[in-house]
Amino acid sequence: MVNFKVDDLKNMKSELKAFSDFLRASGCNEDEIFAGKLVSCELITNVIRHGREEAEFTGALTGDRIIITVTAESLKDVDFCRTAPDVFAESGRGLYIVKSICNGKIERGEDGEIKAVILRRKQQ
């Protein structure tokens with residue numbers, strides 16, 4: 001499991017490297033690592049850029065699931081995009097991407113956390 005707090009987009013990259021390294025060491029393939037970083041980056045960026053606050057991150061691997069949890073006060077009222085936003089829309093694309101990668105497996109907690117689950121492909 002990987003845990004960190006970040007309040008600056010410049011620091012996010014180095015923090016997410018630890019998560020990528022964890023996934024790689026745990027046997028995830030490069031597509032799964034990319035998906036994990038993309039989902040993490042979108043959720044953390046929303047907190048820092050739009051909520052202007054610190055994001056608390058937890059990334060874990062449980063069986064066939066990569067579980068990403070991002071917690072921040074500003075996430076309590078996030079509206080998950082039900083349809084694809086207009087390509088020129090000012091907002092909503094990031095959460096739509098997260099929802100698509102996670103096949104809709106996103107949950108909102110009462111304490112301002114969002115849990116996103118990426119299903120891993122079965123290993124041949």
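How many helices and strands are there in the protein chain?

1. **Overall fold.** This is a predicted model. The protein chain contains 3 helices and 5 strands. Their order along the sequence follows the pattern β-α-α-β-β-α-β-β. The radius of gyration is 14 Å, close to the 14 Å that the globule rule gives for 124 residues, so the chain is as compact as a globular protein of that length. Along its principal axes, the C-alpha trace spans about 40 × 30 × 30 Å.

2. **Burial and contacts.** Of the 124 residues, 39% count as buried. Among contacts between residues at least 6 apart in sequence, 62% join residues at least 24 apart.

3. **Charged side chains.** The protein chain carries 19 positive and 21 negative side chains. The centres of these two sets lie 5 Å apart.

4. In soluble globular proteins, nonpolar side chains tend to be buried together. Here, the largest nonpolar core has 29 residues, of which V39, L43, I44, F57, I68 and V70 touch the most other members. At least two residues of this core come from each of β1 (2-6), α1 (9-25), α2 (30-51), β2 (55-62), β3 (65-71), α3 (93-101) and β5 (113-119). The element that gives the most is α2, with 7 residues. For V39, contacts beyond its neighbours within four places in sequence are with I68, V98, I101, C102, A116 and I118.

5. **T45 in helix α2.** Is T45 buried or exposed? The residue belongs to helix α2. Its relative accessibility is 12%, which is under the 20% limit, and therefore T45 counts as buried. Not counting residues up to four places away in sequence, T45 touches L9, M12 and H50.

6. **C41 in helix α2.** Helix α2 also holds C41. With a relative accessibility of 27%, C41 lies between the 20% and 50% limits and so counts as partly exposed. When neighbours within four places in sequence are left aside, C41 is in contact with M12 and L16. M12 is likewise touched by T45. The C-alpha atoms of C41 and K13 are 8.4 Å apart, while the two residues are 28 apart in sequence.

7. **R52, a residue with positive phi.** Where is R52 found? This residue is in the loop between α2 and β2. Most residues other than glycine have a negative phi. R52 is not a glycine, yet it has a positive phi of about 50°. At 70% relative accessibility, R52 is over the 50% limit and therefore counts as exposed. A reader inspecting the model may wish to look at this backbone position.

8. **D8 and its distance from R52.** D8 lies in another loop, the one between β1 and α1. Its relative accessibility of 29% falls between the two limits, so D8 counts as partly exposed. Although D8 and R52 are 44 residues apart along the chain, their C-alpha atoms are separated by 9.4 Å.

Terms used: Residues numbered from 1 in each chain as written. Predicted model: local features only at pLDDT ≥ 70, side-chain atom pairs only at ≥ 80, totals over all residues. Heavy atoms only, no water. Helix = DSSP H or I, 4+ residues; strand = E, 2+ residues; numbered from the N terminus. Rg over C-alpha atoms; globule rule 2.2 N^0.38 Å. Buried < 20%, exposed > 50% of the residue type's maximum accessible area, 1.4 Å probe, protein only. Contact = heavy atoms within 4.5 Å. Lys, Arg positive; Asp, Glu negative; His and termini not counted. Charge placed at Lys NZ, Arg CZ, Asp CG, Glu CD. Core = buried A, V, L, I, M, F, W, Y, C linked by side-chain atoms within 4.5 Å.
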